[in-house]
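User: I would like to go through some labels used for this model and see what each one rests on.

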Amino acid sequence: MPFFLPLLLQAYDPEIEAVMNRSRQEKQQERAASAAASSASDARSDGKIPVPEKYAAPFQACLDAALDSPEAGVAFAQKWRIDGGSFYARDCMGFAYTRAERWAPAIVAFEQAAEEAEREGEVAQSARLWAQAGNAALASEDAAKARQDFDAALARGMPDGLEKGEVHLDRARALVALGDADAARESIDFALAQAPQDPLAWLLSATLARRQGEMRLAQAHIARAVQLSPDDASVALEEGNIAILTDHEDVARSAWQRAVKIAPDSIAGKASADNLSRLPAGAATAR
């Protein structure tokens, strides 16, 4: 179908860009809320860094204020910083700005928090805050700034595990946006080793492999993403696009139909519906 594939890929790339560059703001918020719920004496089996008891209660109150109103969160954080809230106050301020999608001041707040944490000898916390600054930079579509911040996070010597893997994954997203596919592949491979249960890592790896023409790798990695997240419309969309490019039209049709069923009003669902409409009339339906 020589006339079909170029149209398909033209329709496909923008929504995959949305997947590649989508904000991980919710994950940041979950991490912040999780950290605030713990004291310094907690034994954390998940690798998250606990918040000292003297800061935990006001930190949680600041986060709650930001969840109610970003403006209230910023005001709380500013007052708390003056009253001795340390880098935790700046962290909450960054969180509040992300709630308002005010990315520029969020980047500044997270970077200042990271620098203050390092001055206080909290290098692990500094690394986490540099990573949050990187995510805010990605959300603002400043990929060069994001890469700098992710590099700063990794330079602080993050321990192996999920969090380090996700920083590498986010760094890869910045590198993709910068057009450095080879460096992005290195970061994604590291992310896969550190965070093998993250379906987004396998999805982005499959997408990058497809873009680089490594179709066997793309097929293998999208299969893993489907296994980990069978109800994700973005995964189903990518599965369909890889399938159509490897002459498995029945698999493509089935995957796109699944994406439409899962999330018909999402970007992935709408793109899948559009791709289905481009299949030749009379093609055999998927079994």
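User: Is the crossing of H11 and H13 left-handed or right-handed?

Analyst: This is a predicted model. In it, H11 and H13 cross in the left-handed sense.

User: What makes H11 roughly parallel to H13?

Analyst: The axes of helix H11 (residues 199–211) and helix H13 (residues 233–245) cross at roughly 25° and come within 10 Å. Angles under 35 degrees count as roughly parallel, so H11 is called roughly parallel to H13.

User: Which residues make the contact of H11 and H13?

Analyst: H11 contributes Leu 203, Ala 206, Thr 207 and Arg 210, and H13 contributes Ser 234, Val 235, Glu 238, Ile 242 and Leu 245. By class, five residues of this contact are nonpolar, two are polar and two are charged.

User: Why is Glu 116 called buried?

Analyst: Its relative accessible area is 14%, and buried means under 20%. Glu 116 therefore counts as buried. The residue sits in helix H6 (residues 103–119).

User: Which residues is Glu 116 in contact with, leaving aside neighbours within four places in sequence?

Analyst: Glu 116 is in contact with Ser 86, Phe 87 and Arg 90.

User: How do you know that Leu 63 is buried?

Analyst: The cut-off is again under 20%. Leu 63 has a relative accessible area of 2%, so the label buried applies. Leu 63 belongs to helix H3 (residues 53–68).

User: What separates the C-alpha atoms of Leu 63 and Asp 91?

Analyst: A distance of 9.6 Å separates the C-alpha atoms of Leu 63 and Asp 91, while along the chain these two are 28 residues apart.

How values were computed
Residues are numbered from 1 along each chain as its sequence is written. This is a predicted model: local features need pLDDT of at least 70, side-chain atom pairs count only at pLDDT 80 or more; totals for chains, interfaces and linings use all residues. Side-chain values use heavy atoms; hydrogens and water are left out. Helices (H or I, at least four residues) and strands (E, at least two) are DSSP runs, numbered from the N terminus. Buried means under 20% relative accessible area, exposed over 50%, partly exposed in between (1.4 Å probe, protein chains only). Contact means heavy atoms within 4.5 Å. Axes are lines fitted to C-alpha atoms, for helices over the stretch in contact, and angles run from 0 to 180 degrees between N-to-C directions. Angles under 35 degrees count as roughly parallel, over 145 as roughly antiparallel, 65 to 115 as roughly perpendicular and the rest as oblique. A crossing is left-handed if the near helix is turned anticlockwise from the far one by less than a right angle, and right-handed if clockwise. Ala, Val, Leu, Ile, Met, Phe, Trp, Tyr, Cys and Pro count as nonpolar, Asp, Glu, Lys and Arg as charged, and the others, Gly among them, as polar.
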